[in-house]
Amino acid sequence: MLRRGSRARYGRFASDDGMTTAEYAVGTVAACGFAALLYKVVTSGAVSSALQGLIRRALGAV
């Protein structure tokens with residue numbers, strides 16, 4: 001809720017209380033796309049073997 005004079009203090013964005021439904025939808029779609037891309041990268045052969053090697057070395061050091 002805006003107090004008297006706060007719009008002058010904060011400029012034209014003073015009435016923005018948060019994201020709208022459309023912005024949430026776009027953000028959710030972008031996050032899902034990024035998650036799918038990250039999943040493909042992590043499950044690829046080269047990254048998977050590198051992670052397995054890293055885990056083997058870490059467990060061998062204990």
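1. Let's start with confidence: this predicted model has an average pLDDT of 81, and 68% of its residues score at least 70. Here pLDDT is the predictor's confidence in each residue, from 0 to 100. Among the elements, helix α1 (residues 6–10) has the lowest mean pLDDT, 56, while α2 has the highest, 93. Where pLDDT is low, the predicted coordinates should not be read in detail.

2. Next, the fold. The protein has 3 helices and 0 strands, running α-α-α from the N terminus. Helices (H or I, at least four residues) and strands (E, at least two) are DSSP runs, numbered from the N terminus.

3. Now the surface. Of the 62 residues, 3% count as buried, meaning under 20% relative accessible area, with exposed over 50% and partly exposed in between (1.4 Å probe, protein chains only). The protein exposes about 5,700 Å², and carbon and sulfur atoms supply 66% of that area.

4. Have a look at the nonpolar surface patch: Phe34, Leu37, Leu38, Val41, Val42, Leu51 and Leu54 together have about 640 Å² of accessible area. Patch residues have over 30% relative accessible area and no salt bridge, and nonpolar side chains are joined within 5 Å. A salt bridge is a side-chain nitrogen of Lys or Arg within 4 Å of a carboxyl oxygen of Asp or Glu. Helix α2 (21–42) and α3 (45–60) each supply at least two patch residues; the largest share, 5 residues, comes from α2.

5. Finally, valine 41 sits in helix α2. Valine 41 counts as partly exposed because its relative accessibility is 43%.

Notes:
Residues are numbered from 1 along each chain as its sequence is written. This is a predicted model: local features need pLDDT of at least 70, side-chain atom pairs count only at pLDDT 80 or more; totals for chains, interfaces and linings use all residues. Side-chain values use heavy atoms; hydrogens and water are left out. Patches are made of residues with over 30% relative accessible area and no salt bridge: like charges are joined within 9 Å, nonpolar side chains (Val, Leu, Ile, Met, Phe, Trp, Tyr) within 5 Å. Accessible areas come from the Shrake-Rupley method with a 1.4 Å probe; for residues, only the protein chains shown count as cover.
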